[in-house]
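I opened my notebook to look up a few places in this structure. Here is what I wrote down as I went.

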Amino acid sequence: MKIGIIISSNDPETVWNAFRYGEHVIKAGDNLKVFLTGPGVEAENLNTERFPVTEMMKNVAALGGEILCCGTCAKKLRGLEPQACPIGGLKDMHEMVKESDRVVTF
């Protein structure tokens, strides 16, 4: 199965749980794509001692999950240069939604 996750939150616990679920998806044998949009593009900067978001992002990528970050939301609206994932756009998010069997949002 192909699972898509759209993350539009910058709450550390929510984002950590989204990636934790993504890790589970891959370990269960399914394919995963994650798209960060809106406040979700801040994901790699949300680490707390309790919620190590960047570590979860690295785990998902190491297991073969694909993570994309909205360039407009990151660069134009927030002045961020994401390091933990490539930049994408609405076209990429649309493709992910079209090809996914299920899409989950956080």
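I began with Thr-37, which sits in the loop between strand 2 and helix 2 (helices, H or I of at least four residues, and strands, E of at least two, are DSSP runs numbered from the N terminus). This is a predicted model, where local features need pLDDT of at least 70 and side-chain atom pairs count only at pLDDT 80 or more, while totals for chains, interfaces and linings use all residues. Residues are numbered from 1 along each chain as its sequence is written, and side-chain values use heavy atoms, with hydrogens and water left out.

Is Thr-37 buried or exposed? I found Thr-37 buried, at a relative accessible area of 17% (buried is under 20%, exposed over 50%, partly exposed in between, with a 1.4 Å probe and protein chains only). Leaving aside residues up to four places away in sequence, Thr-37 touches Ile-6, Ile-7, Ser-8, Cys-70 and Cys-73 (contact means heavy atoms within 4.5 Å).

Next I looked up the strand pairs (two strands pair if DSSP finds at least two bridges between them). Strand 1 (residues 2–7) and strand 2 (residues 31–36) run parallel, joined by six bridges, and Ile-5 stands opposite Val-34. Four bridges join strand 2 to strand 3 (residues 66–70), also parallel, and there Leu-36 faces Cys-69.
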